[in-house]
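I opened this notebook to record, one place at a time, what I looked up. The entries below follow the order in which I went through them.

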Amino acid sequence: MKAAIVGGGWAGLSTAVELAKAGVGVTVFEAAKQLGGRARSVDLHGHRLDNGQHLLVGAYCETLRLMREVGADPERLLKRLPLELRFPASQPRPFRMRLPRLPAPWHLAAGLLSARGSSLAEKIGAVRFMRFLQDADYRLGDDCTVSALLDGHGQRGSLRRRLWEPLCLAALNTAPAMASAQIFVNTLRDSLGGGRAATDLLLPAADLDRLFPEAAAHFIRARGGEIRLATRVDAIDDGFTVCGEPFDHAVVAVAPQHAPALLAGHAQTRGIAQLLAGYAFEPIATLYCGYPPHVCLPFPMLGLDDRPAGRIGQWVFDRGALCGTAGVMAFVLSGHGAWETLDNAALANALQRELADTLRTRLPPALWYQVIRERRATFSCRPDLRRPAAATARNGLWLAGDYVCAEYPATLEAAVRSGVAAARGLLLSAPPPTARRASAGDGNSAPRSLHHG
């Protein structure tokens with residue numbers, strides 16, 4: 001059995017790894033010159049960095065499993081830290097919350113109740129909020145915005161501004177006033193509501209290529225699969241011929257903004273194409289600043305304050321503490337905001353000033369900087385957003401991508417889970433080898449693959 005995987009991002013590679021492990025002959029077609037999709041490495045100013053700073057958490061169980069499967073050791077490639085949020089310049093007082101290494105759920109209760117920079121009433125309210133979600137089995141009767149959910153449960157003050165809203169923006173890449181409360185609650189269920197290790201921060205200690213794409217490509221090739229880079233696929237015909245080669249199955253694993261072009265030409269997938277064509281998207285920007293090697297942060301990840309009005313910073317990461325690139329800082333801006341109106345020079349100046357104010361020190365001039373803007377980095381995770389399934393009505397055609405994983409926002413974990421789901425669905429739907437041989441010899445036999453929704 002042969003399968004074509006169109007798209008070499010984390011979703012497509014996850015699909016290919018699962019299929020190759022099962023003995024399926026896979027060929028990955030990637031339009032770019034490198035694997036990784038929207039989570040890939042780039043060379044900037046003599047450093048191997050990423051097209052955007054990414055953050056993982058301990059709840060990313062499928063990502064961690066697949067990393068181990070292909071030989072990319074998470075214990076070596078990820079820096080595991082207890083969840084700790086620091087906003088040194090938060091007003092009126094610096095904010096800090098750290099979850100201790102206690103069994104769940106005591107670690108969360110202790111972390112919330114010991115948070116600095118918030119009132120006792122806010123802390124008790126946050127504990128009650130999580131208890132409500134737990135009692136409701138993390139299911140909301142009707143979806144709404146995250147802001148409406150927080151309003152309805154009295155979540156205000158510093159814990160709202162420094163915990164709930166930053167977590168929403170980081171996970172969903174959508175502002176709380178527009179983001180889906182149910183998807184946000186799902187992320188809380190599997191992180192703060194999970195086991196103690198699920199809440200850990202997993203900060204990349206290597207570039208993104210080394211985290212998964214490189215090892216996945218080696219795994220696929222070692223099992224007879226192929227990786228074809230710089231190969232654009234414009235169509236998948238009725239016989240699953242891709243770039244002149246016939247396949248038994250095909251998996252569309254491209255970004256949602258690119259998938260309609262591959263789906264609109266077939267009656268059975270035209271509805272999915274129309275659905276995805278109506279999606280809105282959210283941007284992400286990463287500013288890399290190279291300082292002299294002695295410049296560092298007191299913690300690998302710091303929150304930047306949004307007050308006084310007009311400040312734009314969200315998070316800054318110390319790449320020296322994480323990856324050994326001393327003096328390199330990565331500023332991350334998620335979702336639509338005022339930062340989009342600034343050109344690169346103005347954006348770099350503003351964020352560097354805000355970092356200096358946060359650290360209460362005078363920073364030396366940056367030796368270099370680089371801004372990477374992904375204008376359609378993720379789909380906008382709105383309430384009641386319709387999401388397609390991995391299986392399509394077109395027999396033998398499957399979808400993989402973060403937009404397919406209906407319970408999660410556009411994260412690496414969602415991409416990996418969607419790829420695993422597509423691969424396992426394909427394997428379950430495929431007839432045994434004897435049935436395929438009979439089908440090949442009998443023009444009146446059943447189609448070469450059976451579709452199970």
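Entry one, a threonine side chain. I began with T392, whose side chain reaches the backbone oxygen of L397 at 2.8 Å, and I noted that this model is a predicted one. A polar atom of the T392 side chain also lies 3.2 Å from the backbone oxygen of R394. When I looked up where T392 sits, I found it in the loop between β18 and β19, the latter covering residues 397–399. Is T392 buried or exposed? I count T392 as buried because its relative accessible area is 2%, and the cut-off for buried is under 20%.

I then turned to α14, which runs over residues 344–359, has 16 residues and reaches 23 Å from its first C-alpha to its last, close to the 22 Å expected. At its N-terminal end α14 is capped by D343, a side-chain oxygen of which lies 3.3 Å from the backbone nitrogen of A345. Just after α14, I noted that R360 takes a positive phi of about 55 degrees. Among the buried residues of α14 I listed L347, L351, Q352, E354 and L355. Which strands do the buried residues of α14 pack against? I found β14, β15, β16, β17 and β18.

Entry three, a surface patch. Last, I looked up a nonpolar surface patch of about 260 Å², which is made by L113, L120 and I124. L113 belongs to helix α4, residues 106–113, and I recorded L113 as partly exposed because its relative accessible area is 42%.

Key
Residues are numbered from 1 along each chain as its sequence is written. This is a predicted model: local features need pLDDT of at least 70, side-chain atom pairs count only at pLDDT 80 or more; totals for chains, interfaces and linings use all residues. Side-chain values use heavy atoms; hydrogens and water are left out. Helices (H or I, at least four residues) and strands (E, at least two) are DSSP runs, numbered from the N terminus. The expected span of a helix is 1.5 Å times one less than its number of residues. Buried means under 20% relative accessible area, exposed over 50%, partly exposed in between (1.4 Å probe, protein chains only). Contact means heavy atoms within 4.5 Å. A polar contact is a pair of N or O atoms within 3.5 Å; within protein, one must be able to donate a hydrogen and the other to accept it, and residues adjacent in sequence count only if both atoms are side-chain atoms. Patches are made of residues with over 30% relative accessible area and no salt bridge: like charges are joined within 9 Å, nonpolar side chains (Val, Leu, Ile, Met, Phe, Trp, Tyr) within 5 Å. Accessible areas come from the Shrake-Rupley method with a 1.4 Å probe; for residues, only the protein chains shown count as cover. A salt bridge is a side-chain nitrogen of Lys or Arg within 4 Å of a carboxyl oxygen of Asp or Glu.
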